[in-house]
Amino acid sequence: QAEVEESGGGSVQAGGSLRLSCTASGIDSGYGRPKWMAWFRRRPNREREGVGALFLGPGGYPVYGDFVEGRFSISQGVEKDTIYLQMNALAPGDSAIYYCAADFFGRVRGGRWYDRSGYSHWGQGTQVTVSS
């Protein structure tokens, strides 16, 4: 079975930074490499929303939700199935559980990277708390 695992959550004061990591493990279980990897978040009493995503094939570049406004960036690790979410200028409104997701079956369409149904595997989530 393929797995997705996040790490790096925690508590920070407003204006601070955090970096989340996510690794998708699929090769050893026969799933191959993920095609897309993404970050979502679920704030209290809100639907899960897309933070940003990255196509892991040639020419891929990160895309972001409108609310990011240049504060967050997604990058790919040396280990190709690892991505990072660098979050700067955090605000209390960014407090949420952050989830990493991976598309192992090629279902995600770039124009709808935020569509949760395209992602086949999800991590357990990591809590980010920003205090004022």
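This report walks through a sheet, the nonpolar cores and some salt bridges of a predicted model.

## Ground rules

Residues are numbered from 1 along each chain as its sequence is written, and side-chain values use heavy atoms, without hydrogens or water. Because the model is predicted, local features need pLDDT of at least 70 and side-chain atom pairs count only at pLDDT 80 or more, while totals for chains, interfaces and linings use all residues.

## The sheet

Let's start with an open sheet of four strands, in the order β1-β3-β8-β7 with antiparallel pairing. Strands here are DSSP runs (E, at least two residues), numbered from the N terminus, and two of them pair if DSSP finds at least two bridges between them. β1 (3-7) and β7 (72-76) are the edge strands; each has a single partner, so one side of each lacks a neighbour in the sheet.

β7 joins β8 (residues 82-87) through five bridges in the antiparallel sense, and Q76 sits opposite I83 in β8.

## The nonpolar core

The largest nonpolar core has 26 residues, and those touching the most other members are M37, W39, F72, I83, L85, M87 and Y98. Such a core joins buried Ala, Val, Leu, Ile, Met, Phe, Trp, Tyr and Cys residues through side-chain atoms within 4.5 Å. Buried means under 20% relative accessible area, exposed over 50%, and partly exposed in between (1.4 Å probe, protein chains only).

## Salt bridges

There are seven salt bridges (a side-chain nitrogen of Lys or Arg within 4 Å of a carboxyl oxygen of Asp or Glu). In one of them, R71 meets D94 with the closest N and O atoms 2.6 Å apart. R71 is buried at 18% relative accessible area, and D94 is buried at 3%.
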